[in-house]
Amino acid sequence: MKPPAYCHHKPTDQAYVTVRDGTKRRVIYLGAFGSAESYRRYGEVIAGVAPSASPPLSPTPPSSPEGISLADAYALWIARCRVYYRLSDGEPSDETENNERSWAPLLALFPEALIVSLTKKNYTAVREEMIRRGWCRKLITQRWGRILRGLKWLAAEEYIPDATVLAATLPRLQPYRSAAPETEPVKPVPLADVRATQKYLRPFVAAMVELQLLTGMRPGEVRKLRLCDLVWEETATGCGGGRRLVALRLGRHKTIHRGKVRLIPLSGSASELLTPYALSSKDADAVLFSPAAAPDTPKRWRNVTLLSRCAYADTIRFAAQRAGVAQWSPGQIRHLVATVTRKNINLDAARALLGHSSPTTTLIYAERDEAIARAAVEALEKALHPPPPPKPTPEAPPGPPPTPPQS
């Protein structure tokens, strides 16, 4: 199928694309003609038009690789990302957004340049722009790797010459040998700060934090948790209509593209926390912790079905400020769980609970990891919810004095 053409509406100097919507045609305006933003929108539109099983549709490149512009190359790569980086259910992952952010300084400095005209000095200036924006060294390394990944794909598809990839290959920034700031290692948040913050969070956000504490889940895993991710066990008695919530089998997680299964055992407290949200949800693909479904949700969240990463972090930061404790992020809860688990059991238990292993190792140690993770969850619950001290037993009244022996 031939992709819809990138067209120019001369009266308004706008770019537009015409797509077929059933039996009708629909015109979508993309922005200023020839701008990087219009090419990005064009890539988004035609990637949505293309079937998921077919290769990505993208702007038709010039016949000569030397004639392609940086904006064209970016549109080609983003169109590829929107089709390639998808979750198991077909939804786009966050990697496309990460690539857009990575290429932003490059497009800002050279919006009209031909990609083959960029030299190593130009790419060095782009990296300096990343430093000027306050990006830390590790973040610059990650995002520069995404730029290189896109250029290598473009070269493999013969959109650009191989020399362009060599020009963009720069020496890695060394620690404390550049102006890029260094970040401190992420430390676990004190449990007392978490408890103080939870008092100022909305109930569903406080429940998300509590679930992280009880399971060691990543913030993204908690935000995207769905009803179909719950694993139930039939019981003679209990809540949930004779069923008991025993585990989570996540359909969306960080390493699913590597074939890894993410199975998280649930303690009694975690099961009790999730059961009301599960019983109130009707759609199997619905997010359990949805702002729109929460009672007394603020007006800005009434149409929001999935709490974004930034909104989750900002809500916790503002609540910590109101509680008068140091600001912390949701990712620090995972470090706290790892520290508590390692202290109370061992390092292997923390690894099994947090899901740190390769796919091959997971297949070999699947049953062993499940048992270790179950023990880690139970120990973690005891550490976070210690039982109350036993009540002192009343002292028995003194008995009668012993009878003296008779002589």
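Strand β4 pairs with strand β5, residues 243–250, in the antiparallel sense over 5 bridges. One of the residue pairs joins Glu233 to its bridge partner in β5, Arg244. The model is a predicted one.

The pairing belongs to an open sheet of 3 strands. Their order is β4-β5-β6, and the pairing is antiparallel. β4 (230–234) and β6 (262–265) stand at the edges. Each has a single partner strand, so one side of each is left without a neighbour in the sheet. Neighbouring strands here are turned by 30 degrees against each other on average, direction ignored.

Helix α11, residues 268–280, lies across β4 and β5. Its direction is at about 90 degrees to β5.

Now turn to a helix pair. Helix α4 covers residues 120–132, and helix α5 covers residues 137–156. Their axes come within 11 Å and cross at roughly 145 degrees. The crossing of α4 past α5 is right-handed. From α4, the contact draws on Tyr123, Val126, Arg127, Met130 and Ile131. These meet Ile140, Trp144, Ile147 and Leu151 in α5. By class, the residues of this contact are 8 nonpolar, no polar and 1 charged.

How far does the confidence carry? The protein chain averages a pLDDT of 79, and 75% of the residues score at least 70. Two stretches call for separate mention. Over residues 50–65, pLDDT stays under 50, and the model has 31 contacts beyond four places in sequence for them. Over residues 358–368, pLDDT also stays under 50, with 5 contacts beyond four places in sequence.

Definitions and conventions:
Residues numbered from 1 in each chain as written. Predicted model: local features only at pLDDT ≥ 70, side-chain atom pairs only at ≥ 80, totals over all residues. Heavy atoms only, no water. pLDDT = per-residue confidence, 0-100. Contact = heavy atoms within 4.5 Å. Pairing = 2+ DSSP bridges. Helix = DSSP H or I, 4+ residues; strand = E, 2+ residues; numbered from the N terminus. Axes fitted to C-alpha atoms, helices over the stretch in contact; angles between N-to-C directions. Left-handed = near helix turned anticlockwise from the far one by under 90°. Nonpolar A, V, L, I, M, F, W, Y, C, P; charged D, E, K, R; others polar.
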